[in-house]
Amino acid sequence: MDQQTLLLVHTGSSFLALAFGLVAIGAYFAPTPALWTRVFVVLTAFVVGTGFLFPLPGVTPAVAVGILATAVLIGMAVARYGFHLRGIWARLFATGIVVSTFFMAFVTVAQAFTKLPPLKALAPTGAEPPFLVAQLLLLALFVWAGWRVWRRAGG
């Protein structure tokens, strides 16, 4: 697969995984088929895996997020298949969904600031206040969602 095709497949899968992640988070508050969560986990693993196929010069922020995302996915697999979501493992799995979705959203916002001209004009280096505020608001939203999911998954 050439780099352009890989980029399109990876990016499209990222958007799908982000959408399914939001649905999977919502599943903790409304009756939603478990299929959505399974699709999310598979798509996220695919996105993380394809992310490592890009030629990158050493350890970049993208590689660091990929490594963290891999660790979260491994933890989710252990919670689901090793401990069958019993006890604290249900909460850890649910938190993994939130964290994985946050990673997808974090990267989407970062890419938007590098690729979309109006956002790039606001934060050309990614260290300016508009970028930092956007990421902090995103983090706050996912911390709130994670706290709600943690409480819901435990009881």
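Predicted model: local features only at pLDDT ≥ 70, side-chain atom pairs only at ≥ 80, totals over all residues.
Local features need pLDDT of at least 70 and side-chain atom pairs count only at pLDDT 80 or more, while totals for chains, interfaces and linings use all residues. Residues are numbered from 1 along each chain as its sequence is written, and side-chain values use heavy atoms, with hydrogens and water left out.

**View 1. The largest nonpolar core.** This core has 26 residues. It is a set of buried Ala, Val, Leu, Ile, Met, Phe, Trp, Tyr and Cys residues joined through side-chain atoms within 4.5 Å. Buried means under 20% relative accessible area (1.4 Å probe, protein chains only). Ile 25, Met 76, Ile 97, Phe 103 and Phe 142 have the most contacts inside it. At least two core residues come from each of α1 (3–26), α2 (34–51), α3 (61–82), α4 (88–115) and α6 (129–153). Helices are DSSP runs (H or I, at least four residues), numbered from the N terminus. α4 gives the most, eight residues.

**View 2. Helix α3 and its buried residues.** Val 63, Val 65, Gly 66, Ala 69, Val 72, Leu 73, Met 76 and Ala 79 are buried in α3. They pack against α2 and α4, with contact meaning heavy atoms within 4.5 Å. His 84 follows α3 and has a positive phi, near 55 degrees.

**View 3. Surroundings of Met 76.** Leaving out residues up to four places away in sequence, Met 76 touches Val 41, Phe 93, Gly 96, Ile 97 and Ser 100.

**View 4. α3 against α4.** The axes, lines fitted to C-alpha atoms over the stretch in contact, come within 9 Å. They cross at roughly 155 degrees, on a scale from 0 to 180 degrees between N-to-C directions. The two helices are therefore roughly antiparallel (angles over 145 degrees).

Terms used
Buried < 20%, exposed > 50% of the residue type's maximum accessible area, 1.4 Å probe, protein only. Parallel < 35°, antiparallel > 145°, perpendicular 65-115°, else oblique.
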